[in-house]
Amino acid sequence: MRFIDWSDPETMLGLLVEYVADEAMATQDDRGRADFLDQLSKDLLDVADQELDSSVEIAKALREILDSQLRDFVNDPVMIHIAHCIEELARISRNGSTQSPLLRRVD
């Protein structure tokens, strides 16, 4: 069993990368969405490779990715999830700490 600190920006980015990669693998029957998710996954990996350590830097990079996507996918669940991650990163930044008493147990 491990715990995920949802207020840790690097952890959030890592989970987002995994989520998008999983969605891309599960979407092979829709070629257009699969291509979109494959490219999005690559873009997110590029951000993760930059080793950004502040919630502000990560949120800015995610916002740039989000804003550069085709409008065809604006309502895609993955895009909505990225927007929520950006909001959470902004909350972390406003609170001035990456530590949170709210941890989620993962079995």
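Glu-23, Arg-33 and Asp-76 are joined in a network of salt bridges. A salt bridge here means a side-chain nitrogen of Lys or Arg within 4 Å of a carboxyl oxygen of Asp or Glu. Side chains of opposite charge can pair when their charged atoms come close. Searching the whole structure gives six salt bridges.

The model is predicted: local features need pLDDT of at least 70, side-chain atom pairs count only at pLDDT 80 or more, and totals for chains, interfaces and linings use all residues. Residues are numbered from 1 along each chain as its sequence is written, and side-chain values use heavy atoms, with hydrogens and water left out.

Start with Arg-31. Its side chain meets that of Asp-38 in a salt bridge, at 3.9 Å from N to O. Arg-31 has 44% relative accessibility and counts as partly exposed. Asp-38 is also partly exposed, at 29%. The scale is relative accessible area: buried is under 20%, exposed is over 50%, and partly exposed lies in between (1.4 Å probe, protein chains only).

Next comes helix α3, residues 55-67. Helices are DSSP runs (H or I, at least four residues), as strands are (E, at least two), numbered from the N terminus. Arg-63 and Asp-67 form a salt bridge, with 3.5 Å between the closest N and O atoms. The two residues sit four apart in α3, so about one helical turn separates them. Arg-63 is partly exposed at 36%. Asp-67 is partly exposed at 46%.

Helix α4 spans residues 77-95 and holds both Glu-88 and Arg-91. These two are three residues apart, about one turn of the helix. They form a salt bridge whose closest N and O atoms are 2.5 Å apart. Glu-88 is partly exposed, with a relative accessible area of 25%. Arg-91 is partly exposed at 28%.

Now turn to helix packing. Two packed helices are described by the angle between their axes and the distance between the axes. Helix α2 (residues 31-49) packs with α4 at about 30°, the axes 11 Å apart. That makes α2 roughly parallel to α4. Angles under 35 degrees count as roughly parallel, over 145 as roughly antiparallel, 65 to 115 as roughly perpendicular and the rest as oblique. Axes are lines fitted to C-alpha atoms, for helices over the stretch in contact, and angles run from 0 to 180 degrees between N-to-C directions.

From α2, the contact (heavy atoms within 4.5 Å) is made by Arg-33, Phe-36, Leu-37 and Leu-40. From α4 come Pro-77, Val-78, Met-79 and Ile-82. By class, this contact has seven nonpolar, no polar and one charged residues.

Key
Nonpolar A, V, L, I, M, F, W, Y, C, P; charged D, E, K, R; others polar.
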